[in-house]
Amino acid sequence: MADNVSLKGRLALVTGSTTGIGRGIAHGLAKRGCSVILTGLIKEEEIPGLLSEFQSKYEGEFQFIPSDFLLGETTESFCKQVIAEYPGGVDILVNNAGLPGRGPIESLPFKVWNDTLAVNLTAPFLLTQTFFPLMKNKGWGRVINMASQMGLIGGDGKLAYCTTKAGLIGFSRVVALEGAQFGVTCNAICPGFVDAPMCHSMVEKEAALKGISFEQSKLEFAEQRTPMARLVTIDDLAELAVFLCSEAASCISGSPIPIDSANMAR
């Protein structure tokens with residue numbers, strides 16, 4: 001269904017779009033004609049290559065604007081820079097940038113808690129607060145928050161991560177209600193284990209412990225953790241994001257949407 005979606009003329013901002021899931025979602029949107037503001041952690045010398053990667057494949061316009069979401073002040077400065085260059089705001093906001101925030105409650109450093117909260121929850125708040133009224137004025141908008149299956153369940157040693165991802169789900173419901181009469185939808189995608197860098201670090205650790213190859217470890221990892229015995233792909237997530245931006249999804253709003261290879265069905 002997403003293959004028939006056209007987003008020509010739309011402008012998207014995808015945070016954390018220099019790698020992994022965010023980069024994949026940016027490609028998915030660009031493939032449908034969407035122009036994209038890219039942002040994330042990347043070396044300055046790598047920016048031209050990132051832009052060329054998009055400009056050589058797609059018809060939209062692409063720009064990289066640097067960001068640092070660890071402080072509210074820098075997030076606000078980023079928002080002001082985007083508005084200065086695009087006074088009409090963006091049509092699609094994908095709040096994807098995130099930190100893993102690992103550690104049990106009794107030993108979790110305050111800095112880890114604070115940084116995870118800043119990037120995973122405060123940045124989406126400030127970004128949405130900036131662009132939401134402009135979406136309402138246009139009578140159309142899509143806000144997609146990258147939550148997690150861990151926002152719907154819990155996990156030992158993942159206090160900050162689970163808390164912020166659960167917060168994003170509640171956040172999405174309220175934004176959905178406030179945008180309901182203005183053509184603005186807001187949803188939270190809740191991935192399970194994704195074939196992406198965050199999951200790869202866990203696979204690598206298990207491979208080292210077992211003395212097996214990365215690919216064998218990834219296969220065993222998926223078999224042990226998902227009924228489908230497969231990791232969610234970045235393309236899977238990109239296609240879901242594209243669908244949520246389509247007119248076919250115009251009545252889907254305020255929903256936490258699991259995409260987890262049936263993991264939470266057990």
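1. Arginine 10 sits over the face of tryptophan 140, 3.7 Å from the ring centre. The rule for a charge over a ring is NZ of Lys or CZ of Arg within 6 Å of the ring centre and within 35 degrees of the ring normal. Arginine 225 lies over the face of phenylalanine 193, at 6.0 Å from the ring centre.

2. On the source: this is a predicted model, where local features need pLDDT of at least 70, side-chain atom pairs count only at pLDDT 80 or more, and totals for chains, interfaces and linings use all residues. Residues are numbered from 1 along each chain as its sequence is written, and side-chain values use heavy atoms, leaving out hydrogens and water.

3. Now the aromatic pairs. Rings of Phe, Tyr and Trp (its six-membered ring) pair if their centres lie within 6.5 Å; planes under 30 degrees apart are stacked, over 60 edge-to-face, the rest tilted. This rule gives 5 aromatic pairs. Phenylalanine 69 and phenylalanine 78 have ring centres 5.5 Å apart and planes at 85 degrees, so they pair edge-to-face. Phe54, Tyr58 and Phe62 form one aromatic cluster.

4. Phenylalanine 69 is buried at 8% relative accessibility, and phenylalanine 78 is buried at 2%. Buried means under 20% relative accessible area, exposed over 50%, partly exposed in between (1.4 Å probe, protein chains only).
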